[in-house]
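User: I am new to this structure and would like to know what the terms used for it rest on. Please begin with the contacts of one residue.

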Amino acid sequence: MIDVILPELPERELSLLSEETPQPGGPRLAGRVILGGPVALPVTAELVEPDPELLDFLRTEADNAVYHLVHLSVTCARDAPDPALHSVHLDVTLTAEPVRRGTTVFQPVAWSMTPRQLTAEAKAAAPAHAAHLGPRLGFREVLHTAYGERAFLEARRELRSDPGWEIRHTSAVRIGGTYRLAMVVRAPRGAVSRAAVAVGATVREGHTLHRFRQELEEPLHLTALQ
């Protein structure tokens, strides 16, 4: 196992336009959510060298696949005016294009994600700036979920090309503060791979949920070292 330090991320304030009235003059959640990143780092032999098992795994995959560490964060205002955030979604769309015409290329996937699940009990124990990569480049986590306790942060759609995380308001936890997120992406060797990011949020007024969303204009390019 190796420890990966999660880097400080460039941040941008999101406008989060209403999905019900998406015109520029419509309602928005400006200033309520800040996105950190995304940034990507190729997983190289030098990175995993301290762990012989990880190094062997990377070498067996070398002819077909490359791996990238993708880091993001979501910061939600703690003292924002009502209505409070009911949920926040971070969605990633992974795509790959072959370098040569006629080449069939498998799509990149979220090979592993962290955190997978957090509850009020696990929140204090979750590392803020480090992640642990174990066998086969899978993140290692210690889950503290109590029986019947609802998760307020959960990874979604691992091992697919449309991964993401959902942060939910619960009776025990109100959405607020910074959430550090990371995934290992397995991508085809010899292809141009990209990660498009979108952030959505909902607020509840009475029994009505209002939905907001913003997609980043430029996808993140996942570039392997030559």
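Analyst: Ala-84 touches Arg-32, Arg-174, Thr-202, Val-203 and Arg-204, leaving aside residues up to four places away in sequence; contact means heavy atoms within 4.5 Å. This is a predicted model, in which local features need pLDDT of at least 70 and side-chain atom pairs count only at pLDDT 80 or more, while totals for chains, interfaces and linings use all residues. Residues are numbered from 1 along each chain as its sequence is written, and side-chain values use heavy atoms, with hydrogens and water left out.

User: Why is Ala-84 called partly exposed?

Analyst: Buried means under 20% relative accessible area, exposed over 50%, and partly exposed in between, with a 1.4 Å probe and protein chains only. Ala-84 has a relative accessible area of 22%, so it is partly exposed.

User: Where does Ala-84 lie, and what separates its C-alpha atom from that of Arg-174?

Analyst: Ala-84 lies in the loop between strand S5 (65-76) and strand S6 (85-98). Helices (H or I, at least four residues) and strands (E, at least two) are DSSP runs, numbered from the N terminus. The C-alpha atoms of Ala-84 and Arg-174 are separated by 8.4 Å, and the two residues are 90 apart along the chain.

User: What makes S7 and strand S12 a pair?

Analyst: Two strands pair if DSSP finds at least two bridges between them. Five bridges join S7 to strand S12 (residues 177-188), so the two pair, and they run antiparallel.

User: Which order do the five strands of the open sheet have, and what makes S2 and S7 edge strands?

Analyst: The order is S2-S4-S5-S12-S7, with antiparallel pairing. Strand S2 (11-13) and strand S7 (109-114) each pair on one side only, and these are the edge strands.

User: What is meant by a nonpolar core, and which residues touch the most other members of the largest one?

Analyst: A nonpolar core is a set of buried Ala, Val, Leu, Ile, Met, Phe, Trp, Tyr and Cys residues joined through side-chain atoms within 4.5 Å. The largest has 37 residues, and Val-74, Leu-85, Val-88, Leu-90 and Trp-165 touch the most other members. Apart from it lies another core, of 18 residues, including Leu-58 and Tyr-67.
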